[in-house]
Amino acid sequence: MTDLFETIRRVLVPIHKEGYPFIAIGIVLTVLAGSFVQALGWIFFLLTLWVCYFFRDPERVVPVGDGLVISPADGRVNLISTVLPPVELDLPAEPMLRISVFMNVFDCHVNRVPVTGRIEQIHYTPGLFLNAELDKASEDNERNGLVITTTRGGETLRIGVVQIAGLVARRIVDWVKAGESLTVGDRFGLIRFGSRVDVYLPADARVLVGLGQKAVAGETVLADLRAGVPVRQFRRI
(Lines give C-alpha, C1' and ligand atoms only; values in the text may rest on other atoms or scores of the structure.)
Protein backbone atom coordinates (compact mmCIF):
# COMPACT_ATOMS: atom_id res chain seq x y z
CA MET A 1 0.00 0.00 0.00
CA THR A 2 2.90 2.33 0.77
CA ASP A 3 4.28 1.78 -2.75
CA LEU A 4 0.87 2.62 -4.22
CA PHE A 5 0.70 5.92 -2.32
CA GLU A 6 4.24 6.77 -3.40
CA THR A 7 3.35 6.10 -7.05
CA ILE A 8 0.26 8.32 -6.80
CA ARG A 9 2.33 11.04 -5.10
CA ARG A 10 4.80 11.05 -8.00
CA VAL A 11 2.02 11.27 -10.59
CA LEU A 12 0.12 14.09 -8.86
CA VAL A 13 2.25 17.17 -9.53
CA PRO A 14 1.94 20.05 -7.02
CA ILE A 15 0.10 23.19 -8.14
CA HIS A 16 1.73 26.55 -7.53
CA LYS A 17 -0.21 28.91 -5.27
CA GLU A 18 -0.32 31.52 -8.09
CA GLY A 19 -2.92 29.28 -9.71
CA TYR A 20 -5.29 29.02 -6.73
CA PRO A 21 -7.39 32.11 -7.56
CA PHE A 22 -7.85 30.98 -11.18
CA ILE A 23 -8.81 27.47 -10.09
CA ALA A 24 -11.34 28.89 -7.63
CA ILE A 25 -12.86 31.04 -10.39
CA GLY A 26 -13.03 27.99 -12.64
CA ILE A 27 -14.85 25.96 -10.00
CA VAL A 28 -17.38 28.74 -9.40
CA LEU A 29 -18.02 29.14 -13.15
CA THR A 30 -18.36 25.36 -13.53
CA VAL A 31 -21.03 25.19 -10.82
CA LEU A 32 -22.92 28.23 -12.09
CA ALA A 33 -22.81 27.22 -15.76
CA GLY A 34 -23.68 23.60 -14.96
CA SER A 35 -26.76 24.67 -13.01
CA PHE A 36 -28.15 26.28 -16.19
CA VAL A 37 -26.73 24.17 -19.02
CA GLN A 38 -25.08 20.86 -18.22
CA ALA A 39 -22.94 20.85 -21.38
CA LEU A 40 -21.62 24.32 -20.56
CA GLY A 41 -20.74 23.12 -17.08
CA TRP A 42 -18.62 20.32 -18.57
CA ILE A 43 -16.80 22.84 -20.77
CA PHE A 44 -15.89 24.99 -17.76
CA PHE A 45 -14.91 21.84 -15.85
CA LEU A 46 -12.42 20.90 -18.57
CA LEU A 47 -11.09 24.46 -18.62
CA THR A 48 -10.60 24.29 -14.86
CA LEU A 49 -8.63 21.06 -15.24
CA TRP A 50 -6.45 22.79 -17.83
CA VAL A 51 -5.80 25.68 -15.41
CA CYS A 52 -4.69 23.14 -12.80
CA TYR A 53 -2.37 21.61 -15.38
CA PHE A 54 -1.01 25.00 -16.45
CA PHE A 55 -0.01 26.00 -12.91
CA ARG A 56 1.71 22.71 -12.11
CA ASP A 57 5.02 23.07 -10.29
CA PRO A 58 6.94 19.78 -10.47
CA GLU A 59 10.21 19.05 -8.72
CA ARG A 60 13.27 19.04 -10.97
CA VAL A 61 16.68 17.34 -10.75
CA VAL A 62 19.13 20.17 -11.43
CA PRO A 63 22.56 19.46 -13.01
CA VAL A 64 25.30 21.08 -10.95
CA GLY A 65 28.69 21.98 -12.41
CA ASP A 66 31.01 24.90 -12.96
CA GLY A 67 29.98 26.87 -16.05
CA LEU A 68 26.70 25.08 -16.75
CA VAL A 69 23.73 27.22 -17.83
CA ILE A 70 20.40 25.51 -17.15
CA SER A 71 17.17 26.25 -19.00
CA PRO A 72 15.01 28.79 -17.14
CA ALA A 73 11.83 27.57 -18.83
CA ASP A 74 9.99 24.54 -20.17
CA GLY A 75 9.40 24.76 -23.90
CA ARG A 76 11.05 24.67 -27.29
CA VAL A 77 14.39 26.25 -28.13
CA ASN A 78 13.27 28.54 -30.95
CA LEU A 79 16.14 31.03 -31.32
CA ILE A 80 19.91 30.75 -31.00
CA SER A 81 21.78 33.82 -32.20
CA THR A 82 24.42 36.43 -31.41
CA VAL A 83 22.81 39.82 -30.78
CA LEU A 84 23.20 43.01 -28.79
CA PRO A 85 21.55 42.69 -25.36
CA PRO A 86 18.53 44.87 -24.50
CA VAL A 87 19.69 48.33 -23.47
CA GLU A 88 17.65 48.29 -20.26
CA LEU A 89 19.82 45.47 -18.87
CA ASP A 90 22.83 47.80 -18.86
CA LEU A 91 25.07 45.01 -20.15
CA PRO A 92 28.11 45.86 -22.34
CA ALA A 93 27.03 47.07 -25.80
CA GLU A 94 28.67 44.15 -27.55
CA PRO A 95 27.26 40.99 -29.14
CA MET A 96 26.15 38.28 -26.72
CA LEU A 97 24.86 34.77 -27.26
CA ARG A 98 21.07 34.66 -26.93
CA ILE A 99 19.19 31.40 -26.40
CA SER A 100 15.38 31.67 -26.41
CA VAL A 101 12.92 29.12 -25.03
CA PHE A 102 9.30 29.49 -26.18
CA MET A 103 6.55 28.27 -23.85
CA ASN A 104 3.16 27.35 -25.28
CA VAL A 105 0.01 27.20 -23.16
CA PHE A 106 0.61 23.52 -22.34
CA ASP A 107 4.14 23.97 -20.95
CA CYS A 108 4.89 24.41 -17.27
CA HIS A 109 5.36 28.16 -16.77
CA VAL A 110 7.34 28.27 -13.54
CA ASN A 111 10.69 29.88 -14.40
CA ARG A 112 13.99 28.88 -12.77
CA VAL A 113 17.35 30.58 -12.34
CA PRO A 114 19.82 29.38 -15.03
CA VAL A 115 22.99 29.93 -12.96
CA THR A 116 24.01 30.37 -9.35
CA GLY A 117 24.63 34.01 -8.56
CA ARG A 118 23.39 37.33 -7.24
CA ILE A 119 20.60 39.35 -8.83
CA GLU A 120 22.23 42.65 -9.65
CA GLN A 121 19.16 44.37 -11.03
CA ILE A 122 15.60 43.81 -12.27
CA HIS A 123 14.07 45.97 -14.99
CA TYR A 124 10.43 45.83 -16.12
CA THR A 125 9.64 47.22 -19.60
CA PRO A 126 6.02 47.74 -20.79
CA GLY A 127 5.34 46.88 -24.41
CA LEU A 128 3.26 45.01 -26.97
CA PHE A 129 1.88 41.47 -26.91
CA LEU A 130 3.15 40.13 -30.23
CA ASN A 131 3.71 36.44 -30.92
CA ALA A 132 6.58 35.59 -28.53
CA GLU A 133 8.14 33.30 -31.15
CA LEU A 134 9.07 36.31 -33.30
CA ASP A 135 12.60 37.64 -33.08
CA LYS A 136 11.37 41.23 -32.61
CA ALA A 137 9.44 40.23 -29.49
CA SER A 138 12.73 40.72 -27.61
CA GLU A 139 12.52 44.44 -28.29
CA ASP A 140 8.79 45.16 -28.74
CA ASN A 141 6.98 43.00 -26.18
CA GLU A 142 6.30 43.59 -22.51
CA ARG A 143 9.17 42.02 -20.61
CA ASN A 144 10.96 41.69 -17.30
CA GLY A 145 14.74 41.47 -17.31
CA LEU A 146 17.14 40.22 -14.64
CA VAL A 147 20.91 40.70 -14.58
CA ILE A 148 22.66 37.96 -12.61
CA THR A 149 26.28 38.13 -11.49
CA THR A 150 27.93 34.72 -11.58
CA THR A 151 31.44 33.29 -11.89
CA ARG A 152 33.41 31.27 -14.43
CA GLY A 153 36.62 29.81 -13.10
CA GLY A 154 37.03 32.71 -10.69
CA GLU A 155 36.08 35.31 -13.31
CA THR A 156 32.98 37.43 -12.61
CA LEU A 157 30.38 37.41 -15.37
CA ARG A 158 27.06 39.23 -15.84
CA ILE A 159 24.32 37.41 -17.73
CA GLY A 160 20.79 38.46 -18.64
CA VAL A 161 17.50 36.59 -18.24
CA VAL A 162 14.42 38.17 -19.81
CA GLN A 163 10.81 37.02 -19.36
CA ILE A 164 8.79 38.07 -22.42
CA ALA A 165 4.99 38.22 -22.56
CA GLY A 166 3.29 36.84 -25.69
CA LEU A 167 -0.02 36.85 -27.54
CA VAL A 168 -1.92 35.19 -24.71
CA ALA A 169 0.30 36.16 -21.80
CA ARG A 170 -0.77 39.31 -20.00
CA ARG A 171 1.02 39.03 -16.70
CA ILE A 172 4.67 38.51 -15.73
CA VAL A 173 5.05 37.44 -12.10
CA ASP A 174 8.38 37.95 -10.36
CA TRP A 175 9.17 36.55 -6.89
CA VAL A 176 12.69 37.85 -6.38
CA LYS A 177 14.35 41.18 -5.59
CA ALA A 178 17.60 42.85 -6.57
CA GLY A 179 20.39 41.87 -4.20
CA GLU A 180 19.15 38.33 -3.59
CA SER A 181 21.55 35.42 -4.03
CA LEU A 182 20.02 32.38 -5.72
CA THR A 183 21.14 28.87 -6.55
CA VAL A 184 20.80 27.41 -10.03
CA GLY A 185 17.32 25.88 -10.43
CA ASP A 186 15.63 28.11 -7.84
CA ARG A 187 12.19 29.36 -8.87
CA PHE A 188 12.11 33.07 -9.63
CA GLY A 189 8.80 33.73 -11.42
CA LEU A 190 6.25 32.71 -14.04
CA ILE A 191 4.36 34.17 -16.99
CA ARG A 192 0.63 33.77 -17.66
CA PHE A 193 -0.28 32.27 -20.24
CA GLY A 194 2.22 31.37 -23.01
CA SER A 195 5.43 33.30 -23.51
CA ARG A 196 9.23 33.18 -23.90
CA VAL A 197 12.40 33.46 -21.84
CA ASP A 198 15.69 34.74 -23.31
CA VAL A 199 19.10 34.07 -21.79
CA TYR A 200 22.01 36.37 -22.72
CA LEU A 201 25.47 34.83 -22.29
CA PRO A 202 29.04 35.76 -23.21
CA ALA A 203 29.64 35.29 -26.93
CA ASP A 204 32.24 32.57 -26.29
CA ALA A 205 29.84 30.34 -24.34
CA ARG A 206 29.31 26.91 -25.89
CA VAL A 207 25.75 26.11 -26.99
CA LEU A 208 24.69 22.61 -25.94
CA VAL A 209 21.15 22.56 -27.36
CA GLY A 210 19.74 22.61 -30.89
CA LEU A 211 16.95 24.59 -32.50
CA GLY A 212 13.61 22.93 -31.96
CA GLN A 213 14.85 20.92 -28.99
CA LYS A 214 12.53 20.48 -26.03
CA ALA A 215 13.94 22.16 -22.93
CA VAL A 216 12.99 21.40 -19.35
CA ALA A 217 13.34 24.18 -16.78
CA GLY A 218 15.92 23.37 -14.14
CA GLU A 219 17.18 20.27 -15.97
CA THR A 220 18.20 20.91 -19.59
CA VAL A 221 21.74 22.28 -20.00
CA LEU A 222 21.52 25.13 -22.54
CA ALA A 223 25.18 26.10 -22.65
CA ASP A 224 28.57 25.93 -20.96
CA LEU A 225 30.31 29.17 -20.01
CA ARG A 226 33.73 27.54 -20.16
CA ALA A 227 35.74 28.03 -23.34
CA GLY A 228 37.02 24.95 -25.16
CA VAL A 229 33.99 22.75 -24.50
CA PRO A 230 33.19 20.72 -27.66
CA VAL A 231 30.22 21.97 -29.67
CA ARG A 232 27.32 19.53 -29.87
CA GLN A 233 25.84 18.51 -33.20
CA PHE A 234 22.15 17.75 -33.73
CA ARG A 235 20.01 16.14 -36.42
CA ARG A 236 16.28 15.70 -36.93
CA ILE A 237 14.99 12.15 -37.26
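Is cysteine 108 buried or exposed? Cysteine 108 is buried, with a relative accessible area of 2%; buried means under 20% relative accessible area, exposed over 50% and partly exposed in between, with a 1.4 Å probe and protein chains only.

The structure is a predicted model, in which local features need pLDDT of at least 70 and side-chain atom pairs count only at pLDDT 80 or more, while totals for chains, interfaces and linings use all residues. Residues are numbered from 1 along each chain as its sequence is written, and side-chain values use heavy atoms, with hydrogens and water left out.

The protein chain contains four helices and 14 strands, which are DSSP runs numbered from the N terminus (helices: H or I, at least four residues; strands: E, at least two). Of its 237 residues, 46% are buried. Among contacts with a separation of 6 or more, 72% join residues 24 or more positions apart; a contact means heavy atoms within 4.5 Å. The C-alpha atoms fill a box of roughly 65 × 50 × 45 Å along the principal axes.

A search of the whole structure finds zero disulfides, a disulfide being a pair of cysteine sulfur atoms within 2.5 Å. In general, such a link is a covalent bond between the sulfur atoms of two cysteines.

| Cysteine | Closest cysteine sulfur | Distance between sulfurs |
|---|---|---|
| Cysteine 52 | in cysteine 108 | 14 Å, too far for a bond |
| Cysteine 108 | in cysteine 52 | 14 Å, too far for a bond |
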